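Subject: A structure to look at

Hello,

Here is the structure I promised to pass on to you. Have a look at it first, and then read on for what I found in it.

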Amino acid sequence: MDFVINSNLNEQNNCWDVDVTGEIDIFNSAEFKTTLLKLLDEKPLDLSIDCKKLTYIDSTGLGALVAVLKKTKEFEKNVILKNVKPNSAKLFKITSLDKVFKIEGELNE
Amino acid sequence: MNDEKNDIIELTLPINAAYVSAARLTASSVSNRLGFDIDEIEDIKAAVSEACTYVVKYYSSKKEKNFCIKLNISEKQIDISLSVDAATKLSQDEDDMGLCMIKALVDNFELDFNENDHLKISMLKKHNTSSFN
């Protein structure tokens, strides 16, 4: 399964609302990063990423998120990860990236 | 461990990022069928995926074409090995994030190059509950 990204400019909260569905791995992580960086090029705002339907992310996907986070820090914005599933939350913890990203609302299954 | 009860599943895949999901799906399906719990299945799935990613990352631009995944399943554990019959000398990158993740996900992990530069990644995940049928 590949991934699908839906993005919406949330003018009320002044951020990008992004939904990710599917799996991010070495096959598609570059495309994932490019898609998110394009949003920041269009408007440099916070990225609020809903991971409710993100079934898997690997080290290259985490690397893509780190690159996007570095970009947001250039204009003092942030990446907020919402509804992270337990399998992904564990990978954020073992890589200590849970201390780097703002993670809101981990899902319990 | 009773060797007679071991089942062995072997999968040969092209060194291509497009097939990492096939390895992940196989590992997930086999460990699910064998009664590993959901957390163990996720660990096995992620460890296999990261090992494949390591192979793809370092060999996809080289002349090696395929790699082999072997799942050796017994009552108490799953022993996973990935091997590349490599003609290319590869320097080990122990700081690779994927390898660090594997070390945290499995009970035993080894990365070896033998005298012919063949790469072998070995991972062992023990069964917590021993509920095999």
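Let us begin with chain A, whose elements follow the order β-β-α-β-α-β-α-β along the sequence. That comes to three helices and five strands. Please keep in mind as you read that this is a predicted model.

How does the overall size of chain A fit its length? A compact globule of 109 residues would have a radius of gyration near 13 Å, and chain A agrees, because its own value is 13 Å. Along the principal axes, its C-alpha trace spans about 30 × 25 × 20 Å. Of the 109 residues in chain A, 35% are buried.

Now for chain B, where two helix pairs are worth a look. In general, two packed helices are described by the angle between their axes and the distance between the axes.

The pair α1(B) and α2(B) packs at an angle of about 155°, with the axes 9 Å apart. Angles over 145 degrees count as roughly antiparallel, so that is how α1(B) and α2(B) run relative to each other. Their crossing is right-handed. On the α1(B) side you will find B:V20, B:A23 and B:R24, among others, and they meet a set in α2(B) that includes B:E40, B:I41 and B:I44. By class, this contact has eight nonpolar, five polar and three charged residues.

Next come helix α2 (residues 38–59) and helix α3 (residues 97–105) of chain B, whose axes come within 9 Å and cross at roughly 155°. These two helices are therefore roughly antiparallel as well. Here, though, the crossing is left-handed. The residues making the contact include B:D43, B:A46 and B:Y54 of α2(B), together with B:G98, B:L99 and B:L105 among those of α3(B). Eight of the residues in this contact are nonpolar, two are polar and two are charged.

Finally, how do the two chains meet? In chain B, 15 residues are in contact with twelve residues of chain A. The elements of chain B that give two or more residues to this side are α1 (20–33), α2 and α3. Which of them gives the most? That is α2(B), with seven residues. The side of chain B that touches chain A divides into eight nonpolar, four polar and three charged residues.

I hope this helps you find your way around. Happy exploring!

Best wishes

Technical notes. Residues are numbered from 1 along each chain as its sequence is written. Chains are lettered from A and ligands numbered from 1 in the order in which they are written. This is a predicted model: local features need pLDDT of at least 70, side-chain atom pairs count only at pLDDT 80 or more; totals for chains, interfaces and linings use all residues. Axes are lines fitted to C-alpha atoms, for helices over the stretch in contact, and angles run from 0 to 180 degrees between N-to-C directions. Helices (H or I, at least four residues) and strands (E, at least two) are DSSP runs, numbered from the N terminus. Angles under 35 degrees count as roughly parallel, over 145 as roughly antiparallel, 65 to 115 as roughly perpendicular and the rest as oblique. A crossing is left-handed if the near helix is turned anticlockwise from the far one by less than a right angle, and right-handed if clockwise. Two residues are in contact if their C-beta atoms, placed from the backbone, lie within 7 Å. Ala, Val, Leu, Ile, Met, Phe, Trp, Tyr, Cys and Pro count as nonpolar, Asp, Glu, Lys and Arg as charged, and the others, Gly among them, as polar. The radius of gyration is taken over C-alpha atoms; the globule rule is 2.2 Å times the number of residues to the power 0.38. A residue is buried if 20 or more other C-beta atoms lie within 10 Å of its own, exposed if 12 or fewer, and partly exposed in between; C-beta atoms are placed from the backbone.
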